[in-house]
Amino acid sequence: MRRPRPDEGMTIRVLTVVQDIDTDLRHGLGGRGAPSAARRLRRLLAAQAVVLAGLDGTVAVAGPDPDPDELAALLAQTYENGTPAHRPPWSAVPLIVAGELSGALAVREGAEAELAAVGTLVSRSLDHAALRRARGRIAQAELRTLRAQISPHFLHNALSVIGARIRTDPARARTLLNDFADYLRYSFSAQGDYATVADELQAIQTYLELQRARFDDRMELSVRMAPEILPVAIPFLVIQPIVENAVRHGLEPKPGPGSISVSGFGEGPLCVIEIEDDGVGMEPEFAQAILAGSGGRAVVSPDTGRASVGLANVDQRLRTVYGPEYGLVIETARGGGTKVVIRVPRFMRGVVAN
């Protein structure tokens, strides 16, 4: 049996502290974890006191409070040159985040030899935090874009269908109007970034019922979801844009009746959702061009002259949340219908429906 090296336990403890500091700083210098990070840094550097400072002033102190004038002079020297500063018994290093000066780490009677390396560690943790916040802002912007792309064409047609049935079939018109209100309430709700598959499914069924009425019930619908994936959390408004594309670009240009199926099932650790139509299909090269779009930018079909709605947006959001190996897969051929497949992890840290 291998005996542990004398310094192995110390290495493990240091690595654990490094991970804990990164967790403490996941919301940046202004986050609630900054005081905890300062205490861990004090122990790591065996310092009498540690100060985490932003450009606007002190953020967190671990140990005896520093003399304000002494600290101010030290930070001014650090910020002025963007380099380490020494004013015994204090030393400080700048914190560089995304290439810009964001603050400083100051230490009183600590391990100065390790200060630069620890300052780099703190800067990287803050850089990761800034990246996470930026990704969150991008996801929110993409979701706002997707909501804005909810088709005026569909909204106009839905209201027209309801209006036409008010006299001929008032009971159906009332049901459709309630469905329409439910659909809008869900699509424009102020809930968080994620919803359950069950919530998305309910919205899709409402949308398809409205479309079926517009097609004079010539559209066949099939919705099958395995019970085990219904509570799975997925990004909000992921399935609906795909279904809308199936209707607009698959069935509307097709003469005669058509069908759409939405199915979902578990595949080991994955949740798989498939949306398939028997519409006009498209050239595989055009499907590839759709997914090559950025941020939901519309791509105009050479066959129908219509723009795709949000598929690139959905694909990008899935990759942002789950990683580059996830996203949409489109199986299609001209005249052969289209199937869009979503594969995402059934469980992932941070992906929780509100």
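Author: Let's start with the term itself: a nonpolar core here is a set of buried Ala, Val, Leu, Ile, Met, Phe, Trp, Tyr and Cys residues joined through side-chain atoms within 4.5 Å. Buried means under 20% relative accessible area, with a 1.4 Å probe and protein chains only. Bear in mind that this is a predicted model, where local features need pLDDT of at least 70, side-chain atom pairs count only at pLDDT 80 or more, and totals for chains, interfaces and linings use all residues. Numbering runs from 1 along each chain as its sequence is written, and side-chain values use heavy atoms, with hydrogens and water left out.

So, the core. The largest one has 51 residues, and Ile239, Ile273 and Ile342 touch the most other members. Helix α7 (residues 197-214) supplies the largest share of this core, seven residues. Helices (H or I, at least four residues) and strands (E, at least two) are DSSP runs, numbered from the N terminus.

Now zoom in on isoleucine 273. Leaving out residues up to four places away in sequence, Ile273 touches Val197, Met225, Ile234, Ile239, Ser263, Gly264, Val340, Val341 and Ile342, a contact being heavy atoms within 4.5 Å. Two names on that list turn up again in the strand pairing: methionine 225 stands opposite glycine 264 in β9. Strands β7 (residues 219-225) and β9 (residues 258-267) run parallel, joined by seven bridges; two strands pair if DSSP finds at least two bridges between them.

On to the next pairing: β9 and β10 (residues 270-277) are antiparallel, with eight bridges. Glutamate 267 has leucine 270 in β10 as its bridge partner. This hairpin has two residues between the strands, and glycine 268 takes a positive phi near 65 degrees.

Apart from the 51-residue core there's another, made of 22 residues, including Leu41, Val50, Leu95 and Leu126. Strands β1 (residues 49-54) and β5 (residues 100-108) run antiparallel over six bridges, and they belong to an open, antiparallel sheet of five strands in the order β2-β1-β5-β4-β3. At the edges, β2 (57-62) and β3 (85-87) have a single partner strand each, so one side of each is left without a neighbour in the sheet.

To put all that in context, the protein chain has ten helices and twelve strands, and 46% of its 354 residues count as buried.

Definitions and conventions: Buried < 20%, exposed > 50% of the residue type's maximum accessible area, 1.4 Å probe, protein only.
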